[in-house]
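Here are some exercises to work through with the structure in view. Try each task yourself before you read its solution.

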Amino acid sequence: MASSASQYTTKQWIVASKPTGAPVLNGPDATFKLQTVTLPPLKEGQLLCTVRYFSNDTGLRNFIQTTVAPERFYVPVVNIGQPMRSGIIAEVIESASPDFKAGDLVMDFHLGTWSERVVLDAATSQRLAPLPNQLPFTHHLGAFGASGLAAYTGLVYAGGAKAGDTIVISAAAGATGSVAIQIAAKLLRAKRVIGIAGSDEKCAWVRDQLGAHACVNYKSPTFLEDLKAATPDEVDVYFDNVGGHVLDAMLTRVKRHGTIAVCGSVSGYNSSEPMALRNWFEVINSRLTIHGFIMLDYMDKAPEILQELIAAAADGRLKLDDGQTIVEGRIEEQPEIWLRLFSGGNQGKLLTKLIV
């Protein structure tokens, strides 16, 4: 199929400065800058698309500034002057690929940008398939996307979780944690599943709707006592999304020879202070295994994992009814919507439905 000579302009957020703490929305030190750019003409094998949804993920914070050297980071970082990246769902406007046509819905896990229109490579774009039971296609960015894959691979491959285990999952009301709770309880048939979340309301959802046996509010003044009471027989696998004082507390609750699967460390993403762990000697004392992982390491297993997760949703084991927080907004509002993740402004997956 021939390439296109048509040109389009788009509003697009670029990284304007590297934050040392929380990203800055306004003023001379603003982290992001909105600009209007002209998109290049399509080349063979490319797609011109209008963005419909942005995936809002805490891990994007590390794309723009991290303690990891750029050459060691697991994906290309976003440098000053470059468009901010994220996962997207987009609609094809023009296609220079025989595999896609105008009107198709496509997704990219992490190579989309905060733009109203984007040019994508057809080879790395995923066509959205219909989901069972009329589930919204937006779950392709959450439970049936990177969030679900991280939950599954972290539990099964990094954590080695199995039937009969006691499993604790932090950020249990978030995009990844809310799926991990259900995988542990309903697919793996763990003996006991405990969530950790940031409010009593979220804990009630994790326990009563997602199927955790217990959920502990880490903001409660009695958190340490509550955590100990919820894990009387200690813990085989801890799925860590947050680091910080929650990880420090969990180091005292994991069994000898237990495993900590580390998916994220969101408590420190917007802090310039080093993470303090008073209980680090527990790793030695209890011979713990700490296994960091990236969902992208297991992409060869993604088709069978997604098939299993979709089947679980179809038969009711995986409940997704309240697992999305969708915020409608214009491109000008995207940085503020994304930042809501860091103040607990979501239940399940936080998505932006882009108004163009």
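**Exercise 1. Find the partner of E332 in a salt bridge, and work out which parts of the chain the pair ties together.**

Step 1. E332 pairs with K11 in a salt bridge, and their closest N and O atoms are 2.7 Å apart. The term salt bridge stands for a side-chain nitrogen of Lys or Arg within 4 Å of a carboxyl oxygen of Asp or Glu.

Step 2. Now place both residues: K11 is in strand β1 (residues 9–15), while E332 lies in the loop between β14 (324–330) and α9 (334–339), so the pair ties together parts that are 321 residues apart in sequence. Helices (H or I, at least four residues) and strands (E, at least two) are DSSP runs, numbered from the N terminus.

Step 3. Check the accessibility: E332 is partly exposed at 36%, and K11 is partly exposed at 32%. Here buried means under 20% relative accessible area, exposed over 50%, and partly exposed in between (1.4 Å probe, protein chains only).

A note on the source: this is a predicted model, in which local features need pLDDT of at least 70 and side-chain atom pairs count only at pLDDT 80 or more, while totals for chains, interfaces and linings use all residues. Residues are numbered from 1 along each chain as its sequence is written, and side-chain values use heavy atoms, with hydrogens and water left out.

**Exercise 2. Work out which residues of helix α4 are buried, and where they sit around the axis.**

Step 1. Helix α4 spans residues 200–208, and its buried residues are K202, C203, W205 and V206.

Step 2. These residues cover an arc of only 160 degrees around the axis, which puts them on the same side of α4. The arc is taken from the directions from the helix axis to the C-beta atoms.

Step 3. Finally, the buried residues of α4 pack against α3 (175–187), β9 (192–197) and β10 (214–217), with contact meaning heavy atoms within 4.5 Å.
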